[in-house]
Amino acid sequence: MKLVTAIIKPFKVEEVRASLEKIGVSGMTMTEVKGFGRQKGHTELYRGAEYTIDFLPKIKLEIAISDDMVESVKESIIEAAASGKIGDGKIFISPIEEVVRIRTGETDEEAL
């Protein structure tokens, strides 16, 4: 089992969700986060004063999947989230040791 964590631009969430739904992903967790990488933030003008926004709004998606779905999930996210511009995001893939569904006590693959 793997945990796919994707950091994407907020306006790409629905495209990514729809793309993952098409390949059979049945659930995910979404968190609104802020951060920066090479994009380095930007400056804005507010009431005549210029200020720097270092941390940009992003969306963090977490998806627990079986090992055989890793490539299709990764490709699906890349296809839906890519704009070709800096700041499109990143995908992190980590192993999951154990999963337990609280309601039923099912574990591992059955709990996904």
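The model is predicted. The chain holds 2 helices and 6 strands, arranged from the N terminus as β-α-β-β-β-β-α-β. Its radius of gyration is 17 Å, whereas a compact globule of 112 residues would have one near 13 Å.

**Overall dimensions and surface**

- The C-alpha trace of the chain spans about 60 × 30 × 20 Å along its principal axes.
- Buried residues make up 29% of the 112 in the chain.
- Of the contacts between residues at least 6 apart in sequence, 70% join residues at least 24 apart.

**Strand pairing around S5**

- Strand S5 covers residues 56-65 and pairs with S1 in the antiparallel sense, over 7 bridges.
- Within the pairing of S1 and S5, Ile7 has Lys60 as its bridge partner in S5.
- Strand S2, residues 29-35, also runs antiparallel to S5 and is joined to it by 7 bridges.
- Lys34 has Pro57 as its bridge partner in S5.

**Lys12**

- Lys12 sits in the loop that links strand S1 (2-8) to helix H1 (13-22).
- The relative accessibility of Lys12 is 10%, so this residue counts as buried, the cut-off being under 20%.
- Beyond its neighbours within four places in sequence, Lys12 is in contact with Ala80, Ala81, Ala82 and Ser83.

**Lys90**

- Lys90 belongs to strand S6, which covers residues 89-95.
- Lys90 counts as exposed because its relative accessibility is 54%, and the cut-off for exposed is over 50%.
- Leaving out neighbours within four places in sequence, the contacts of Lys90 are Thr5, Ala6 and Ile7.
- One of these contacts, Ile7, is the residue whose bridge partner in S5 is Lys60.
- From Lys90 to Glu110 the separation is 20 residues in sequence and 28 Å in space, C-alpha to C-alpha.

**The two lysines side by side**

- Lys12 is a loop residue and counts as buried, whereas Lys90 is a strand residue and counts as exposed.

How values were computed: Residues numbered from 1 in each chain as written. Predicted model: local features only at pLDDT ≥ 70, side-chain atom pairs only at ≥ 80, totals over all residues. Heavy atoms only, no water. Helix = DSSP H or I, 4+ residues; strand = E, 2+ residues; numbered from the N terminus. Rg over C-alpha atoms; globule rule 2.2 N^0.38 Å. Buried < 20%, exposed > 50% of the residue type's maximum accessible area, 1.4 Å probe, protein only. Contact = heavy atoms within 4.5 Å. Pairing = 2+ DSSP bridges.
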